[in-house]
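Trainee: Could you take a close look at the side-chain pairs with me? I'd like to follow who pairs with whom, and where each partner sits.

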Amino acid sequence: MKSKAHLIIGTLSAVEISLLMGLSLNPITVATAAFLSVAPDIDEPNSKVLDKLVSKKTTKKIHSTLIFTMLIACFYLYTKTEKSVYIGVVLSLIAISFIEKKITVNHTRSIILTLVMLLISTTLLIYNVNAGIVVLSFLIALFPITNHRSLTHSALIVVLIFSILKYIEYSLHIKDLAIIASTALISHLLCDIITKRGIPIFYPFSKKYFSLANLRVGSFLCNLVEYLVIIILSILILVSFLKKLNI
């Protein structure tokens with residue numbers, strides 16, 4: 001499904017589960033749930049989620065600068081061999097042409113985000129921030145460089161993140177963080193398992209994709225399902241809220 005749908009459905013699901021189970025809802029749990037509802041798609045180089053974090057315009061500038069710098073470096077290293085300058089220029093251009101095909105603008109964006117996340121994670125570690133937050137930060141730093149719909153769309157990632165959030169919940173006394181935020185993450189997987197491609201639920205033990213429907217993302221039917229799910233969740237939240245008020 002589309003990123004916007006994931007965000008809305010994931011957040012609504014988190015709110016609904018909190019109302020049904022009488023859990024403690026607060027800005028931290030809601031914000032975490034909203035983030036985890038779209039976080040799995042950070043592994044898609046061309047996703048709108050990634051575009052919000054690092055814009056394509058910025059990435060193109062960084063990519064061009066990187067390629068130009070590598071061209072200069074290749075030529076400089078070749079001149080050190082005291083061979084023909086002309087041959088050096090040709091070979092440098094060939095090398096850069098090959099590298100540019102392998103490291104596209106989208107790949108550059110994924111690498112940039114991973115490096116930024118690793119820098120943040122390392123900073124948190126140096127300043128002795130809560131261990132759970134540091135581990136979660138390092139884990140999410142891997143998302144951009146994983147294959148799309150692999151680890152980030154598996155049952156394993158749900159178990160890992162739930163366990164980390166549970167540690168954060170107990171150590172920082174943030175009540176019901178794990179169950180509420182994990183519900184948003186699970187909603188993402190449920191939304192994607194009804195698409196044509198499906199998800200590798202048992203990754204990395206099995207790379208087989210499972211699909212419960214044949215919806216194509218962006219199609220009329222898929223969009224209709226998104227709207228219906230959002231409407232149903234909204235109604236359920238309203239009903240749960242009214243019951244809580246004894247109306």
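Mentor: Let's start with the rings: there is one aromatic pair here. To count, rings of Phe, Tyr and Trp (its six-membered ring) need centres within 6.5 Å; planes under 30 degrees apart are called stacked, over 60 edge-to-face, and the rest tilted. Phenylalanine 202 and phenylalanine 210 make up this pair, with 5.6 Å centre to centre and 85 degrees between the planes, which makes the arrangement edge-to-face. Phenylalanine 202 is partly exposed at 47% relative accessible area, and phenylalanine 210 is partly exposed too, at 28%. (Buried means under 20% relative accessible area, exposed over 50%, and partly exposed in between, using a 1.4 Å probe and protein chains only.)

A quick word on the ground rules. Residues are numbered from 1 along each chain as its sequence is written, and side-chain values use heavy atoms, leaving out hydrogens and water. This is a predicted model, so local features need pLDDT of at least 70 and side-chain atom pairs count only at pLDDT 80 or more, while totals for chains, interfaces and linings use all residues.

Now the charged pairs: you'll find three salt bridges, each being a side-chain nitrogen of Lys or Arg within 4 Å of a carboxyl oxygen of Asp or Glu. Lysine 2 bridges to glutamate 226, with 3.0 Å between the closest N and O atoms. That one ties together distant parts of the chain, 224 residues apart: lysine 2 lies in the segment before helix H1 (3-21), glutamate 226 in helix H10 (residues 220-244). Helices here are DSSP runs (H or I, at least four residues), as strands are (E, at least two), numbered from the N terminus. Lysine 2 is partly exposed at 34%, whereas glutamate 226 is buried at 5%.

Next, aspartate 192 bridges to arginine 149, with closest N and O atoms 3.4 Å apart. These partners are 43 residues apart, aspartate 192 in helix H9 (residues 177-193) and arginine 149 in the loop between helix H7 (131-142) and helix H8 (155-172). Aspartate 192 and arginine 149 are both buried.

The remaining bridge joins glutamate 169 and lysine 166, again with closest N and O atoms 3.4 Å apart. Glutamate 169 and lysine 166 are about one helical turn from each other because they sit three residues apart in helix H8. Glutamate 169 is buried at 10%, and lysine 166 is partly exposed at 27%.

Let's go back to H10, where glutamate 226 sits. Buried residues of H10 include Cys222, Glu226, Ile230 and Leu233, and H1 is part of what covers the buried ones. H10 has 25 residues and spans 36 Å from first C-alpha to last, close to the 36 Å expected at 1.5 Å a residue; that expected span is 1.5 Å times one less than the number of residues. Leucine 236 is also in H10, and it is partly exposed at 40%. Leucine 236 belongs to a nonpolar surface patch with Phe220, Leu221, Leu224, Leu228 and Ile232, about 590 Å² of accessible area together. Just after H10, asparagine 246 has a positive phi of about 60 degrees.

To place all this in the whole protein: it has 10 helices and zero strands, and 41% of its 247 residues count as buried.

Terms used
Patch = residues over 30% accessible without salt bridge, like charges linked within 9 Å, V, L, I, M, F, W, Y side chains within 5 Å. Areas by Shrake-Rupley, 256 points an atom, 1.4 Å probe, with all protein chains shown as cover. Contact = heavy atoms within 4.5 Å.
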